[in-house]
Amino acid sequence: MVLVPLEFAHSRVHWGEWVMLLVMVFSIGMGVTAGYHRLFSHRAYQASWPVRFVLLCLAAASFQNSVLQWSSSHRIHHRHVDQDDDPYNATRGFWYAHWIWVMEAGATPIQGVADLEKDPLLRWQHRNHFLIGAVVSLIPAVVGLIQHNLVGYLIIAVLLRIVVTHHTTFFINSAAHFFGTRPYTDANSARDNAFLAPFTYGEGYHNYHHMWQWDYRNGVKWWQFDPTKWLIFTMAVVGLARGLRRVPDAAIRRARFAMEEKTLLAKLARSSRRAEALDQRIMAARASLDQALARVQEQAEAWEARKTEWKAQKREAWKARKAEWKAGMAQHRSEVRVALAEWKAARMEARKAVAYA
Ligand SMILES: [Zn+2]
Ligand SMILES: [Zn+2]
């Protein structure tokens with residue numbers, strides 16, 4: 001870090017080294033999020049071997065250990081989040097979750113990654129990750145040599161890059177467990193934080209991620225900044241990735257409404273305008289909305305599970321099945337609209353009661 005201001009003092013600013021820094025930070029960061037995290041740790045999609053190879057090489061340059069070690073720790077983090085066994089336990093404080101755990105971690109035994117150990121490419125990366133990481137990290141030095149600016153590129157696009165990469169990834173373990181909202185679950189400390197998303201390649205939507213870790217998206221809404229999700233989607237469009245896993249929309253909405261109900265009831269309980277009848281209205285409205293959404297979810301899941309079987313039937317039978325399914329879905333959706341209107345009215349009444357308490 002001392003070298004960065006020295007580089008400033010001794011030479012004028014060369015844009016090339018800063019552009020290179022950004023390119024390296026972004027590609028290596030995406031190697032960790034699209035590769036180590038979503039592809040290997042959570043199996044949120046499948047990728048062809050050239051994609052796996054590139055992601056493994058890029059992620060090695062993050063110097064966060066091999067894919068097997070990383071995925072092993074990360075799966076433990078999800079299984080034991082906020083507990084003693086969680087390698088980056090946020091309840092031990094911000095700096096512990098951000099950085100200190102790395103120094104304490106040492107060589108923790110690799111466990112729970114038998115599925116990954118079967119892939120020869122991953123075993124190769126495990127054996128050689130440091131060498132691979134060094135080769136990838138030194139790419140800017142080659143550019144620097146060509147540009148007759150080796151020292152500048154080494155300081156900015158190699159050394160500073162390693163520091164930046166470390167901190168952006170560590171933010172997910174620290175800040176994303178401390179600052180932000182919990183729209184889907186309050187069973188753990190993970191938060192959704194739009195401000196963190198650009199610095200973490202889309203992993204700022206961490207509350208969603210802890211709820212449904214196997215979804216290839218973290219920012220689930222189309223407008224939420226999640227370049228990792230866009231990369232995976234684009235790879236699927238051009239045939240480099242497949243089997244992208246998504247949580248049905250109805251399931252996401254059910255979780256969100258359940259959290260809204262919980263928050264409202266807690267606020268009402270603290271307010272002087274609390275009335276038993278209002279509590280009852282809120283609970284009844286949310287329960288019927290949940291049931292209506294559950295029927296939509298069931299219908300959507302039935303389609304996913306049986307569409308191949310239905311498509312294999314004769315044309316007439318397939319058409320009839322499809323029409324029947326569509327009619328069922330339309331019916332369930334109209335039930336959702338009715339239940340949603342009552343939920344919104346009940347929610348408004350409760351919000352007013354809290355506001356004027
Ligand atoms: Zn987490
Ligand atoms: Zn995860």
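Modeller: Let us begin with the word helix: it denotes a DSSP run of H or I at least four residues long, and helices are numbered from the N terminus. In this sense Ala 285 is found in helix 13. Please bear in mind that the model is predicted.

Colleague: How many helices and strands does the protein have in total?

Modeller: The secondary structure comprises 14 helices and two strands. The C-alpha atoms occupy a box of roughly 75 × 65 × 40 Å along the principal axes.

Colleague: Why is Ala 285 called buried?

Modeller: A residue is buried if 20 or more other C-beta atoms lie within 10 Å of its own. Ala 285 has 23 such neighbours and therefore counts as buried.

Colleague: Which residues is Ala 285 in contact with, leaving aside those within four places in sequence?

Modeller: Ala 285 is in contact with Glu 342, Trp 343 and Ala 346. Glu 342 is 57 residues from Ala 285 along the chain, yet their C-alpha atoms are separated by 6.1 Å.

Colleague: Val 296 lies in helix 13 as well. What makes Val 296 a buried residue?

Modeller: There are 22 other C-beta atoms within 10 Å of Val 296, and the cut-off is 20 or more, so Val 296 is buried. Beyond residues up to four places away in sequence, Val 296 touches Ala 250, His 332, Arg 333 and Val 336. His 210, by comparison, is 86 residues from Val 296 in sequence, and the two lie 24 Å apart, C-alpha to C-alpha.

Colleague: Why is Ser 27 called partly exposed?

Modeller: Ser 27 has 17 C-beta neighbours inside 10 Å. Buried needs 20 or more and exposed needs 12 or fewer, so a count in between is called partly exposed. Ser 27 is placed in helix 2. Ala 277 is 250 residues from Ser 27 in sequence and 55 Å from it in space, C-alpha to C-alpha.

Colleague: What phi does Asn 65 have, and where does Asn 65 lie?

Modeller: Asn 65 has a positive phi of about 75 degrees although it is not a glycine. Asn 65 belongs to the loop between helix 3 (49-60) and helix 4 (67-79). With 23 C-beta neighbours inside 10 Å against a cut-off of 20, Asn 65 is therefore buried.

Colleague: Why is Asp 82 called partly exposed?

Modeller: The count for Asp 82 is 17 other C-beta atoms within 10 Å, which falls between 12 and 20, so Asp 82 is partly exposed. Asp 82 lies in the loop between helix 4 and helix 5 (94-105). Phi of Asp 82 is near 70 degrees, a positive value in a residue other than glycine. For the protein as a whole, buried residues make up 35% of the 357 residues.

Colleague: How do you know that helix 12 and helix 14 are roughly parallel to each other?

Modeller: The axes of helix 12 (residues 249-270) and helix 14 (residues 315-355) cross at roughly 30 degrees and come within 10 Å. Angles under 35 degrees count as roughly parallel. Helix 12 and helix 14 are therefore roughly parallel. Helix 12 passes helix 14 in a left-handed crossing. Among the residues that make the contact are Phe 257 and Leu 264 of helix 12 and Trp 343 and Arg 347 of helix 14. The contact residues divide into seven nonpolar, no polar and two charged.

Colleague: At what angle do helix 2 and helix 9 cross, and is the crossing left-handed or right-handed?

Modeller: The axes of helix 2 (residues 15-41) and helix 9 (residues 150-173) cross at roughly 35 degrees and come within 9 Å. The crossing is right-handed. Twelve of the contact residues are nonpolar, five polar and two charged.

Colleague: Which domains does the assignment give?

Modeller: The domain assignment gives domain 1 (3-242) and domain 2 (249-355). Their C-alpha centres lie 36 Å apart. Seven residues from domain 1 and four residues from domain 2 take part in the contact. On the side of domain 1 that touches domain 2, four residues are nonpolar, one is polar and two are charged.

Technical notes:
Residues numbered from 1 in each chain as written. Chains lettered and ligands numbered in written order. Predicted model: local features only at pLDDT ≥ 70, side-chain atom pairs only at ≥ 80, totals over all residues. Axes fitted to C-alpha atoms, helices over the stretch in contact; angles between N-to-C directions. Left-handed = near helix turned anticlockwise from the far one by under 90°. Nonpolar A, V, L, I, M, F, W, Y, C, P; charged D, E, K, R; others polar. Domains from an automatic or database assignment. Contact = placed C-beta atoms within 7 Å. Parallel < 35°, antiparallel > 145°, perpendicular 65-115°, else oblique.
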